Amino acid sequence: MPDHQDLQRRLLRRQLLWQGVVGAGALAAGPGLLSTLATGAPATGVGLGANRLVAAVAAPPIIPRAGWGADERLRRGSPDFAPINRVIVHHTVTATDEPDPAARVRAIHAFHVQGNGWSDIAYNFVVDQAGRIYEGRAASGGVPGENGEGQGVIGAHAAGHNTGSVGVAILGTFSDDRVTPSDAALDAVAAVAAWKLGTRDIDPLAPGAMIGHRDVVATGCPGNGCQNRLPELRERTRARIAPTVVAEDGDGLLGGLLDGLL
Ligand SMILES: [Zn+2]
């Protein structure tokens, strides 16, 4: 029979494994954090929701605006920001087998400003078929797409649904359901989504958290070939947020970390 303390330890461990998303970064805060969680006292310095630890998902490599040659003379006005609450996926309706993706991003930028009259490129991020991620609409903080308070820059990618949404566009045309984004492109979208949603304790599987443009606006975007893969894309995103929150006994990395702390 385990003694009382051991039972408590195992119950807490199980609770942490099941309760949701526990990030390695938060765990790195150490046993003090976990005992704080156990006693229900508020913790400082980490994102604690209702008895949940917010995942520490690292930002993926992102090609900054300077890296893809954004013409900053095109920008008008100053951007607006709002708390991030979802990801909306798009296709750009350009060549799927793009020979010069950066040039295409520059062309989209110019078209959105000079053709559509918008203040900047519509999308928050663009990804290409090789899985490269391009910073989209300019923000004001050091973190791509955010201001200093962690709010997301408001784009112009989904009429009526731009505030709070991260618009991620995949270079290509996926209207034909036989033409789908590459695995590398989907992984890139998942990496952006995991970073933006996971760090805000938003489950990509929650209704509305990760959707196609057509789910909120009357449009074919992001094409059948992309839309059909959204369920898989949500799963890929969640896997990046909580790779080990699956087993009750926690044989994975998380279980090992908890073993070391509890
Ligand atoms: Zn769209």
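At what angle do helix α6 and helix α8 pack, and how far apart are their axes?

**Figure 1. Helices α6 and α8 pack against each other at an angle of about 55 degrees.** Keep in mind that this is a predicted model, here and in every other view. Helix α6 covers residues 183–198 and helix α8 covers residues 230–241, and their axes are 8 Å apart. The angle makes α6 oblique to α8. If you are wondering about the hand of this crossing, it is right-handed. By class, the contact holds nine nonpolar, two polar and three charged residues. On the α6 side, the residues that meet α8 include Leu-186, Val-189, Ala-190 and Leu-197. On the α8 side, look for Leu-233, Arg-236, Thr-237, Arg-240 and Ile-241. Why give both an angle and a distance? Because two packed helices are described by the angle between their axes and the distance between the axes.

**Figure 2. Five strands line up in an open sheet.** Going across, the order is β4-β3-β6-β2-β7, and the pairing is mixed. Strands β4 and β7 stand at the edges with a single partner strand each, so one side of each is left without a neighbour in the sheet. From one strand to the next, the twist averages 25 degrees. As a reminder, strands of a sheet pair through backbone hydrogen bonds, either parallel or antiparallel.

**Figure 3. Strand β2 pairs with β6 and with β7.** Strand β2 is made of residues 86–91. With β6 (residues 165–170), β2 pairs in the parallel sense over six bridges.

**Figure 4. Strand β2 is mostly covered.** Buried or exposed: how do the residues of β2 count? Six of its six residues are buried. Follow the side chains and you'll see Arg-86, Ile-88 and His-90 pointing one way, while Val-87, Val-89 and His-91 point the other way. Both sets are buried. For the whole protein of 262 residues, 39% count as buried.

**Figure 5. Asn-147 sits in the loop between β4 and β5.** The strands on either side of this loop are β4 (133–135) and β5 (152–153). Asn-147 counts as partly exposed because it has 17 C-beta neighbours inside 10 Å. Leaving out residues up to four places away in sequence, Asn-147 touches Phe-81, Ala-139, Ser-140 and Gly-141. How many residues along the chain separate Asn-147 from Pro-79? They are 68 residues apart along the chain, and their C-alpha atoms are separated by 9.5 Å. In the protein as a whole, residues 24 or more positions apart account for 74% of the contacts with a separation of 6 or more.

**Figure 6. Pro-64 is an exposed residue in a loop.** The loop in question runs between α3 (31–39) and α4 (65–68). Pro-64 counts as exposed because it has 11 C-beta neighbours inside 10 Å. Pro-64 touches Glu-135 and Pro-144, not counting residues up to four places away in sequence. Ala-138 is 74 residues from Pro-64 along the chain, and the C-alpha atoms of these two are separated by 9.4 Å.

**Figure 7. Val-93 and Asp-201 have a positive phi, although neither is a glycine.** For Val-93, phi is about 55 degrees, and for Asp-201, phi is about 60 degrees. Val-93 is in the loop between β2 and α5 (101–115), while Asp-201 is in the loop between α6 and β7. Val-93 is partly exposed, with 16 other C-beta atoms within 10 Å. Asp-201 is partly exposed too, with 17 other C-beta atoms within 10 Å.

**Figure 8. A cis peptide bond joins Cys-221 and Pro-222.** Zoom in on the backbone here: omega is about 10 degrees. Pro-222 lies in the loop between β7 and α7 (224–227).

How values were computed: Residues are numbered from 1 along each chain as its sequence is written. This is a predicted model: local features need pLDDT of at least 70, side-chain atom pairs count only at pLDDT 80 or more; totals for chains, interfaces and linings use all residues. A residue is buried if 20 or more other C-beta atoms lie within 10 Å of its own, exposed if 12 or fewer, and partly exposed in between; C-beta atoms are placed from the backbone. Helices (H or I, at least four residues) and strands (E, at least two) are DSSP runs, numbered from the N terminus. Two strands pair if DSSP finds at least two bridges between them. Two residues are in contact if their C-beta atoms, placed from the backbone, lie within 7 Å. Axes are lines fitted to C-alpha atoms, for helices over the stretch in contact, and angles run from 0 to 180 degrees between N-to-C directions. Angles under 35 degrees count as roughly parallel, over 145 as roughly antiparallel, 65 to 115 as roughly perpendicular and the rest as oblique. A crossing is left-handed if the near helix is turned anticlockwise from the far one by less than a right angle, and right-handed if clockwise. Ala, Val, Leu, Ile, Met, Phe, Trp, Tyr, Cys and Pro count as nonpolar, Asp, Glu, Lys and Arg as charged, and the others, Gly among them, as polar.
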